[in-house]
Amino acid sequence: MSDAVLQVEGLHKAFGGVQAVADVSFAVSAGEMLALIGPNGAGKSTCFNMLNGQLAPDSGIVRLAGRDIVGLRPRAIWRLGVGRTFQITATFASLSVRENVQMALYSHAGRLRSLLSRFGAAFQSEADALLDQVGMLDQAERACGVLAYGDLKRVELAIALANEPRLLLMDEPTAGMAPKERVALMELTARLARARNIAVLFTEHDMDVVFTQADRIIVLDRGVLIAGGTPQEVRANPNVRAVYLGSTH
Amino acid sequence: MTLASFIIQLLNGLAAAASLFLVSAGLSLIFGVTRIVNFAHGSLYMLGLYGAYSLIEFFGRTPLGFWGAVLLAALAVGLVGILIEVLVLRRIYRAPELFQLLATFAVVLVIKDIALFAWGAEDLVGPRAPGLSMAVEIMGRRIPAYDLLLIAIGPVVLTLLWLLLTRTRWGALVRAATQDREMVGALGVDQAKLFTSVFFVGSVLAGLGGALQIPREPANLELDLAIIADAFVVTVVGGLGSIGGAFLAAIVIGVAKAFCIGIGTVTWFGFEISFSKLTLVVEFLIMALVLVVRPYGLLGKPQAAQRAASEPAPPLQVPSWTFALVWLALLALVPLVADRYATILLTDIVCFALFAVSLHFIMGPAGMVSFGHAAYFGIGAYAASLLLKRFGLPMEAALLLAPLIAGLFAIAYGWFCVRLSGVYLAMLTLAFAQISWSIVFQWDSVTGGSNGVFGVWPSAWLADKTVYYYLALVLCGAGILFLWRVLFSPFGYALRAGRDSPLRAEAIGIDLRGFQWAAFVLVGALAGLAGAVYAFSKGSISPSSISIAQSTDGLIMVLLGGVETLTGPVVGAAIFTWLRDAVARNTEFWRAVMGGVILLIVLLFPQGLVGGLKALVARWREQRA
Amino acid sequence: MLTRNRLLAGTAALVAFSLVGAANAQAPIKIGELNSYKVFPAFLEPYKKGIELAVEEVNAAGGLLGGRKIEVVSRDDNGNPGDAVRVAEELLSREGASFLIGTFPSNVGLAVADFAKQRKVLFIAAEPLTDKIVWDQGNAYTFRLRTSTYMQTAMLIPDAVKLKKKRWAIVYPNYEYGQSATAAFKKLLKEKQPDVEFVAEQATPLGKIDAGAVAQALADAKPDAIFSSLFGPDLAKFVREGQTRGLFKGVEVFNLLAGEPEYLDPLKEESPDGWYVTGYPWSELKTPEHTKFLNAYQAKFKDYPRLGSVVGYATVMSAAEAIKKAGSLDQEKLVAAMSGLSLITPFGMIQYRPLDHQSTMGAYVGQIGVKDGKGYMKNWRFVDGKDALPSDADVQKMRPKN
């Protein structure tokens, strides 16, 4: 797959002798929504954290647009065009919604080191455009600390889009949201991803969301990839059925 | 040291560690569960000593009288702890982080004067322990039998605490709360009861630590502050919330001190090195070393998010520049209408205001609490003094170079500090401040040692107090306005962002440590400016300008005014300095009065003075609308 | 009309003048006093009583400068030199104090002395023991009452020399007072007894001595004698640990200040018998000037005086005598009056030496004894301060010329 934005090969990670992730390989292409699923403790978070630089793999290769990013810090990986949202939202609570997005824009432009200019004067329209896209423009003046959870998720998405990423990493993007909101958020994500040709890798618990929004799905169990393919293929895969039926019932 | 003296000094260190462990274990418990930095813990220790003294006098010096008194004193101190928790702290748990520190500081002042009133100023030498007054011969040396008992008490209490924490429901709750306070609340546990009981147990430990010292230490009024710093050091070196860690750390520090004394003066390569002088600072050296290598202490675990305890910080309001300029103009008019002393008091206030604002910048918006901010104030003051007196620089040059030197120290200290977070960071700043203090204190030939530097007067054109006041107003006012301006710059926003969510900051490419380091240097330099201006206004400078007391004053000013507002620190500095000036006129019990006033403010305005006033104004507006 | 106006104006002026004049004659003379009351309460509470007694006596005797009463305005300086300088300014400019007295710790005393020099006002340092305040850092406006570190150390030297002990161990609180005492002791003893050896030296943090470890370290050095300048809680802890561990067996101990009631009384039955000390054997002094002071003090306060009481009393008496001699509150006249001023204190006649502004107040040197569960001073003798000072030439070398 030469047009892969993210390419993962033979990723390994063990914690004190316990293999958390073993020989995981996959790829995501531009404009594609790839869901990483698996039961609790399957190694999804470990896998994710090795992609975004928070955890160093024991071995394996992670390539972003052909460039090896293993060993880079999260902020360096962001600079290469990777946007992130978190399982538990991480926004700047004392800053307004617009300022949150502006922060990312300032950072992207390398303009945070100024001591005397007023923050907020620049990138207003860019921030508002992003907020408009996620439907948060009407709340731009409010502090993130007082927002509803679903709104925070959308702010995170706007932040994640601020550096014109080629790849979005979304860890449980709909956790803690109402079912209706979930589908809406991921539909929005899918629309934006396709429009901007962004590769999206996300983990998700809600199978409705996964099977309606993902282009492809990969399934992790006990650290090992057991299946991968289109939603229909994965749905039909007996291994997947065994894992899910076995672990949930 | 011979082998024999090595062993004996080891035993001495272990004996000294016993009480330190008890006090620190109590502190660690209280902090672990309530997240309160309890300054008054040392006062509880002191009350333990006084209480034991009086009870032994009352019961008589029999074994039963002695041990009964020790236990009863500990329990009584536990009740005092409950009183403090119920009457004061319970009312302010929802206040911004660290605000409770202000309340406990006030309690320290009050308890000190109560003790002075109840027991008088004279040191009270307690009796020896009946039946244990003799010495035991070990390797040809005599060691007090009581010390051997203390050595045994440490592990016994450790075991009892361990059983209490691991084998009881209460212990399970305490451990859970130490890990994650929110969760315990969510589990439906009565938090108030849990906190009160933890305060009781922690206070009993402090009281017991004190009472057990009665045969070794005269009850006196300096004990509270003498022990509190050490107890914090032990708690942090051991790892917050870790009782075993506190035990280990108490032993490490107790033994290290004993060895410093045992080694005494040695000559290496023709240099005389006095290890006994190191006892002044050895615990802080150990703390700095431990924290640099192990950011969570010897046995501590990474802390759960600190901020969870309180609401997220509210957004800062952009200061109104007209407002600031009007105030500056008003302040400039003061010398025309008020007397000479008003100008002098205001000069102090202006210096402390910049000091407090610089501390607020780092602990509020930047989210890095500093317990050792006096380091930069003091280094600035000393740099200015020494450049003038030892290097013969003109006063003006010394004044301008001093902040740069303070900034240089901040570069070095900050590099280590920004690698830590929360109370560990705060304690590392304290360690650096104390190390700086001890160097200033001991380096007679350069810094004038404990006396300090004299004759640090400004140039002739600034000699007049009014003119100097204007200089202070311009320099410190400019410093304050500059810091406020920076807070609303991209740099300042990045710091606030990093405080709100380090995870998100990193995820959008912000090099948070770099920004924090730069902030550290910036406020270090400005605190240094405040120190330099202060030094020339006094004509002399002494180690007290770099002491724990100076750092504490800064914290009190910031918290008193309100850490979540911009003008809070300025108001806090003014009120605190003015209060001290006004209250200290009555030399009798001014500390208690001061403590009472602060307590009143704490209870009436849990967001600090400015925060509280703003809330009042907001409510009034709502009612009118 | 004109004349009437003139008359009115004249009358008004006359009335105003007489009012002001009368007010002046009645207004008390204010003396600014500052001290670290809350930091050293054990010493300073009795000190304050001494001040009160002196003020009462001066005023009962008709006041000064033609019947004006004196009033001592006290402030707490928090033990902090920066605060002290501010408070000193407040006393002068807001309270209208004529000059300054007081202070306890060396750094505060020195800071106020430097301030007095800058401000050109008289300052009588009451308690600071530091030698620097009259020597290395001495200035024209500062005078010091108390027997200094050097003087008290020098007073102990004859006894130390007499004992002919070779191996000396030293322990001192780690700040200027302890350091100067140690330096002076080593220098003076070495001069008189060149073969002396200093086998161990322990500098302990003030108020935080690890007494057991220190006692052990000193014992390990096997000294014949010990010189200590500990006081307060440090002293009490050292005494107890040393006794339990047998440190003092067969070892002579010299301890500055330990005979002062402030530090001796708390030791009670454990007062170390036979130690050579400087101090104040208040119950045994029979001189008329002391008896008068003692009776007045006990009558007023129903308590016995401590050394602090004498210092407070003598400081105010010095100030009163200076005003009397100067006949004015003019600073230069006051300073001129202080220089060479002689007066009677509870410790006898003292003089503020013109040479260095140090008073010749003496101290009592003796040994500690124990009776009825209390420590006291035995075999004591009074040493006049002027016999414990270095030569004039040496002093001149140390003191800056101004």
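**Labels and their cut-offs**

Analyst: R86(C) and D581(B) are both buried. Buried means under 20% relative accessible area, exposed over 50%, partly exposed in between (1.4 Å probe, protein chains only). This is a predicted model, where local features need pLDDT of at least 70 and side-chain atom pairs count only at pLDDT 80 or more, while totals for chains, interfaces and linings use all residues. Residues are numbered from 1 along each chain as its sequence is written, chains are lettered from A and ligands numbered from 1 in the order in which they are written, and side-chain values use heavy atoms, without hydrogens and water.

User: What makes R86(C) and D581(B) a salt bridge?

Analyst: Their N to O distance is 2.9 Å. A salt bridge needs a side-chain nitrogen of Lys or Arg within 4 Å of a carboxyl oxygen of Asp or Glu, so the pair qualifies. The pair crosses between chains, from helix α3 (residues 81-93) of chain C to helix α24 (residues 568-583) of chain B. Helices are DSSP runs (H or I, at least four residues), numbered from the N terminus.

User: Why is K324(C) called exposed?

Analyst: K324(C) has 51% relative accessibility, and the cut-off is over 50%, so the label is exposed.

Methods: Helices (H or I, at least four residues) and strands (E, at least two) are DSSP runs, numbered from the N terminus.
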